[in-house]
Amino acid sequence: AVPPTGSSMAGGSEGAREAPQDEEEAPQGAETLEWEFLYPLPWEIVNYLLEEEKLQAPDDERVFVRRLDDGSFVWKYQVPTYARLVLPAELEWRDEVTVDGDKRLRTEKGRNVSLRSTVHMHEVSSWSAATDEDGFPATRYRKRIVMELSWLPSALRRRVLDGFRDGSLRCREAESLAMQHRVQEEFGGVDELMDYLRERNLPHEESKGDRWPAPLVERWTGRHVRVDP
């Protein structure tokens, strides 16, 4: 059975707590915000389901995704015609994903590639092994955003960041419920999925040779997604 849910902003104890580390120096005047969420599922399961989700083709036809040889992802969004008076025709975002199966730590670092002269946005997300307040295995999500919008008043910049935080927490709550439902309906429960992952030595096998297991890579075949050779 799926263990009960802990607090969304804080939970019980955890093992090696890894805080997101922002390797990029924030520009002067940048705003920073951090928050947390606790998934009521073991880290191995959360990481596995996140890997699958990352490799799904986007539903939006204006979004194109490319995976580079170094394992990073480049997202390009075609801006609607009506917005091109103030924005370029295409916006680009880059994600770098690393998974350390030994430390049970997943890290995603993202930054905007477009509009760097006017907007600086750098975010670091981490998912680490934890336990909830009742001692059940859980996964702690931590997010840090650094945003520099010097042309916006400080109060508006804070509202933008607060909007990102609130939206992120709503997404994590919906994502957590969807994961719990899928674990039960598709795999029969937490123990069954954990057995499946142990048999395949995941996530450790994912870091050897090809970054992604072949069945997942095959999903990157669509009109909007391309896998680099």
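A residue counts as buried here if its relative accessible area is under 20%, as exposed if over 50%, and as partly exposed in between (1.4 Å probe, protein chains only).

What you have is a predicted model, where local features need pLDDT of at least 70, side-chain atom pairs count only at pLDDT 80 or more, and totals for chains, interfaces and linings use all residues. Residues are numbered from 1 along each chain as its sequence is written, and side-chain values use heavy atoms, with hydrogens and water left out.

**Overall layout**

The protein chain has four helices and eight strands, taking helices (H or I, at least four residues) and strands (E, at least two) as DSSP runs numbered from the N terminus. Walk along the sequence and you get β-α-β-β-β-β-β-β-α-α-α-β. Of the 229 residues, 45% are buried. Contact means heavy atoms within 4.5 Å; among contacts between residues at least 6 apart in sequence, 65% join residues at least 24 apart.

**Aromatic rings**

Rings of Phe, Tyr and Trp (its six-membered ring) pair if their centres lie within 6.5 Å; planes under 30 degrees apart are stacked, over 60 edge-to-face, and the rest tilted.

| Pair | Centre to centre | Angle between planes | Type |
|---|---|---|---|
| Phe-37 and Tyr-39 | 5.2 Å | 85 degrees | edge-to-face |
| Tyr-48 and Phe-187 | 6.5 Å | 75 degrees | edge-to-face |

Tyr-48 sits in helix α1 (residues 43-54) and Phe-187 in helix α2 (residues 154-187), so their pair ties together parts 139 residues apart in sequence. Tyr-48 is buried, at 9% relative accessible area, and ring pairs link Tyr-48, Phe-187 and Tyr-196 into a cluster. As for the other pair in the table, Phe-37 and Tyr-39 are both buried.

Some rings also have a charge sitting over them (NZ of Lys or CZ of Arg within 6 Å of the ring centre and within 35 degrees of the ring normal). Arg-106 does this with Trp-127, its charged end 5.8 Å from the ring centre, and Arg-172 with Tyr-141, at 5.2 Å.

pLDDT is the predictor's confidence in each residue, from 0 to 100. The chain's mean is 75, with 72% of residues at 70 or more. Where pLDDT is low, the predicted coordinates should not be read in detail.
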